[in-house]
Amino acid sequence: MTSWEEDLNRFLLEEEEEDDEFFSIIVPAVLSCLYEDKRPEHTSSLSGANKVEEILEGHENWCKAEFRMEPEVFRAVANLLREENFLRDTRGVRIEEQLGMFMFMLSHHASTERLKKEFQHSGETIHRKINEVFDIIPALTHRFVKLPNPNQTHVKIASNPRYMPFFQNCIGAIDGTHIPITIAEDRAAPYRNRKGTLSQNVMCACDFDLNFTFISCGWEGSASDAGVLRSALRKGFHVPAGKFYLVDGGYANTPSFIAPYRGVRYHLSEFRRRGSSQRNEYANYKELFNHRHAQLRNHIERAFGVLKKRFPILKVGTFYPIETQIKIPAAAAIFRNVIRGLNGREDWLDNQPNHINPSDYVDLPEGDNNYPSDIESNDGNSLRDQIAHQMWAAYNN
């Protein structure tokens, strides 16, 4: 008998002698609480490890739906995390199960309670294993998010006379995307974007293979795309000399970040409406430049679109603390790079079931397009004009 039980018994004997009502009514209630039979919470015959294995051994569509990748790619990712010592197997949870928890969270917007039920582990274990994956994101970033080779023109440019030699020094495209967040009302104001919803502004760069080459998370939804870029530059983001990224009208036009001409047709839909088969489809050199600029810059829009299809959690505010919410877009982007590097395909993402109710998707801004032109770079404008005039001359020959 433990010391607290001895004390309780002694107390009860004393009370029995002094108060029959206390002993007959209150004591049984106390004892029922203390000695209530607590049934085990995790009673499924299928453990988390067995669940993951069953999914991997089943039809590939099951794995695509639950973990957002093909079974062979899932195993390859788990082996990579093990062989390169990003994660390690433990007695209770192997890397396959840990990866399954994390991917299930990203694809289903799963809370800790949901993960406890699906994987038959305690909340403490779920919390620890999810955080272990978040903890390796900086190391995975260093390994799988790399700037393009500045000494090599991408084949999509080098092999296409519409872009070569005009964009031979272009190494990718940059834009910001808003990701919903949830946060206490007393902290919400900076995160409220121009549509009035709560978000963080995430800046990414991608190459022309749609791989992310830079990620910056955590800026409040009220921050402009240009402000996020300036912060990234102060913190070490670097553009090699003589090279440039393509950006939209939300950024200043500089020699390192070439924006389209303002007040001129730009979006691809505008060119499609006029038709692209006519020889005189462009009114002047600015329209021609803007169209080809938009075709290449569209790679970052496509990369964002595919990322959010693979991991729908990026379309809704999550259950997690704000410190965790800030990490989710980076984790999703990095795992997408890893999956693509292991030959994971993306053509099937359009045919996946909605694990998240579309009515929960948050209405978000699509980008900034009103950067003040009076503070643009003269050098940037001169470079853009030079490229555009060369392009126009070649087009009319």
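**Figure 1. Strand E2 and its burial in the predicted model.** This legend, like those that follow, describes a predicted model. Strand E2 comprises residues 199-206 and is mostly covered, with eight of its eight residues buried. In a regular strand the side chains alternate between the two faces of the sheet. In E2, Ser199, Asn201, Met203 and Ala205 point one way, whereas Gln200, Val202, Cys204 and Cys206 point the other way. The residues of both sets are all buried.

Figure 2. Strand E1, formed by residues 170-180, pairs with E2 in the antiparallel sense over eight bridges.

**Figure 3. An aromatic pair involving strand E3.** The structure holds 14 aromatic pairs. In the pair formed by phenylalanine 214 and phenylalanine 237, the ring centres are 4.3 Å apart and the planes stand at 35°, so the pair is tilted. Phenylalanine 214 belongs to strand E3, while phenylalanine 237 lies in the loop between helix H11 (225-234) and strand E4 (244-246); the pair thus links distant parts of the chain, 23 residues apart. Phenylalanine 214 counts as buried at 18% relative accessibility, and phenylalanine 237 is buried with a relative accessible area of 6%. Elsewhere, ring pairs link Tyr163, Phe167, Tyr261, Tyr285 and Phe289 into a cluster.

Figure 4. Helix H9 spans residues 137-144, and its buried residues are Ile137, Leu140 and Phe144. Why do these residues lie on the same side of H9? They cover an arc of only 60° around the axis, and therefore share one side of the helix. An α-helix has 3.6 residues a turn, so residues three or four places apart point the same way. Pro138 and His142 are exposed on the other side of H9. The buried residues of H9 pack against helix H5 (71-83), helix H8 (123-135), strand E3 (212-220) and helix H14 (322-341).

Figure 5. Glutamine 98 is part of helix H6, which covers residues 95-108. Is glutamine 98 buried or exposed? Its relative accessibility is 1%, so glutamine 98 counts as buried. The side chain of glutamine 98 makes a polar contact with the side chain of glutamate 132 at 3.0 Å. Leaving aside residues up to four places away in sequence, glutamine 98 touches Leu87, Arg88, Val93, Lys129, Glu132 and Val133.

**Figure 6. Two salt bridges that involve helix H7.** A search of the whole structure finds 23 salt bridges. One of these joins lysine 51 to glutamate 118, with the closest N and O atoms 2.9 Å apart. Because lysine 51 lies in helix H3 (residues 48-57) and glutamate 118 in helix H7 (residues 112-119), the pair ties together parts that are 67 residues apart in sequence. Lysine 51 counts as buried at 13% relative accessibility, and glutamate 118 is buried with a relative accessible area of 19%. A salt bridge also joins glutamate 113 to lysine 116, where the closest N and O atoms are 3.2 Å apart. Both of these residues lie in helix H7, three residues apart, which is about one turn of the helix. Glutamate 113 counts as exposed at 52% relative accessibility, whereas lysine 116 is buried with a relative accessible area of 11%.

**Figure 7. The salt bridge of arginine 310 and glutamate 346.** The side chains of arginine 310 and glutamate 346 meet in a salt bridge of 3.7 Å, N to O. Arginine 310 lies in helix H13 (residues 285-310) and glutamate 346 in the loop between H14 and helix H15 (378-396), so that distant parts of the chain, 36 residues apart, are linked. Arginine 310 is buried with a relative accessible area of 0%, and glutamate 346 counts as buried at 17% relative accessibility. In another part of the model, salt bridges that share partners join Arg82, Asp89, Arg94 and Glu96 into one network.

Definitions and conventions:
Residues are numbered from 1 along each chain as its sequence is written. This is a predicted model: local features need pLDDT of at least 70, side-chain atom pairs count only at pLDDT 80 or more; totals for chains, interfaces and linings use all residues. Side-chain values use heavy atoms; hydrogens and water are left out. Buried means under 20% relative accessible area, exposed over 50%, partly exposed in between (1.4 Å probe, protein chains only). Helices (H or I, at least four residues) and strands (E, at least two) are DSSP runs, numbered from the N terminus. The arc is that of the directions from the helix axis to the C-beta atoms. Contact means heavy atoms within 4.5 Å. Two strands pair if DSSP finds at least two bridges between them. A polar contact is a pair of N or O atoms within 3.5 Å; within protein, one must be able to donate a hydrogen and the other to accept it, and residues adjacent in sequence count only if both atoms are side-chain atoms. A salt bridge is a side-chain nitrogen of Lys or Arg within 4 Å of a carboxyl oxygen of Asp or Glu. Rings of Phe, Tyr and Trp (its six-membered ring) pair if their centres lie within 6.5 Å; planes under 30 degrees apart count as stacked, over 60 as edge-to-face and the rest as tilted.
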